[in-house]
Amino acid sequence: MFRFKQFSVDQTGCAMKINTDGVLLGALANGNGVKSILDIGTGTGVIALMLAQRFTKATADAIEIDEQAAATAKANFAASPFADRLNTYAESFTAFFEQYPDNKYDLIVSNPPFHINSLTSPENKKKLAKHTDEYFFEQLLKIAAQHLTEKGTCWLILPLQTAQLVNIIAYQYNLNRQKKISVLSYPDSLPHREILVLTLSETLEADGQFVIYAEQKVYSKEYQDKLKDFFTIF
């Protein structure tokens, strides 16, 4: 059980536990007048919970293909103060939109599988959670392009090599990179993740960076500022 200031997250049955990538996305993903949120591959549900806390008038649909993880996320949602604004769907995002073809979202987020065409884990759950292929991202970005509102944004956190591929695929579906946030462990280290912000509009914003640690075992001020409403250690 991982306890946040306003909710708790049971991680039972989830191959992908709460990690830095997920909480960063939950803390940083943003938009104007967000009323509808889609979390693709919700896992424990932590990103959807963080966004529900931040966007107090928004509802969130959380999709998870792993049935056991989806059940865990559903229980986490039900135990939270935001239960009436969170919905769980135990299916793929393609199956979800076959049922709800007209749904549109102001904010789409995903901390997706990211090891493309690489050696897969022998454990099926971890394979499902961590590994994918190019077709996955083609489908994901096609869905995002079809189901974003006019001024909506899609936020993805990815390893650098995967982000390069996603940029190319996004262009094919008329999604524009609004900005990129490079994630660094320390001020003097190289980026190890990129947060891509994609949109249907052609509005550009300056790229930025986000540093997690000021020094070993000491979180940066920007990390503390972004997570202080969530983590009990701040």
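Predicted model: local features only at pLDDT ≥ 70, side-chain atom pairs only at ≥ 80, totals over all residues.
Where is N111 found? N111 sits in the loop between β6 (105-110) and β7 (115-116).

**View 1. Eight strands form an open sheet.** The strand order is β5-β4-β3-β6-β9-β11-β10-β12. Pairing in the sheet is mixed. The edges are β5 (86-89) and β12 (208-211), each of which pairs on one side only. On average, neighbouring strands are turned by 20° against each other, direction ignored. Strands of a sheet pair through backbone hydrogen bonds, and the pairing can be parallel or antiparallel.

**View 2. Strand β6 pairs with β3 and with β9.** β3 and β6 are parallel partners, joined over four bridges. Here D39 stands opposite V109 of β6. β6 and β9 also run parallel, with five bridges between them. In this pairing L107 faces T153 in β9. How many residues of β6 are buried? Six of its six residues are buried, and the strand is mostly covered.

**View 3. Strands β10 and β11 pair in the antiparallel sense.** β10 covers residues 176-184 and β11 covers residues 191-199. Eight bridges hold the pairing. L184 stands opposite P191 in β11.

**View 4. Helix α1 packs on the sheet.** The helix spans residues 20-28. Which strands does α1 touch? The contacts are with β6, β9 (148-158), β10, β11 and β12. The direction of α1 makes about 155° with that of β9.

View 5. H147 lies in α6. Is H147 buried or exposed? H147 counts as buried because its relative accessibility is 5%, under the 20% cut-off. Leaving aside neighbours within four places in sequence, H147 is in contact with F97, Y100, P101, N103, K104, Y105 and I108. Two of these partners, Y105 and I108, fall within the residue range of β6 (105-110).

**View 6. N111 is buried in its loop between β6 and β7.** Why does N111 count as buried? Its relative accessible area is 18%, and buried means under 20%. Setting aside neighbours within four places in sequence, N111 is in contact with N19, D21, G22, L25, I40, I47 and I157. Among these partners, D21, G22 and L25 fall within the range of α1 (residues 20-28).

View 7. β9 and β10 are the elements that give two or more residues to the lining. β9 gives the most, with three residues. By class, the lining divides into one nonpolar, eight polar and three charged residues.

**View 8. Two residues that are not glycine, N174 and K217, have a positive phi.** Most residues other than glycine have a negative phi. The phi of N174 is about 60°. N174 is found in the loop between α7 (160-172) and β10. N174 counts as exposed because its relative accessibility is 59%, over the 50% cut-off. The phi of K217 is about 70°. K217 has its place in the loop between β13 (213-215) and β14 (218-219). K217 too is exposed, with a relative accessible area of 77%.

**View 9. A15 and L200 are 33 Å apart in space, C-alpha to C-alpha.** In sequence, 185 residues separate the pair. Where is the place of A15? A15 is in the loop between β2 (8-9) and α1. At 21% relative accessibility, A15 counts as partly exposed, a class that lies between the 20% and 50% cut-offs.

Definitions and conventions
Residues numbered from 1 in each chain as written. Heavy atoms only, no water. Buried < 20%, exposed > 50% of the residue type's maximum accessible area, 1.4 Å probe, protein only. Contact = heavy atoms within 4.5 Å. Pairing = 2+ DSSP bridges. Axes fitted to C-alpha atoms, helices over the stretch in contact; angles between N-to-C directions. Nonpolar A, V, L, I, M, F, W, Y, C, P; charged D, E, K, R; others polar.
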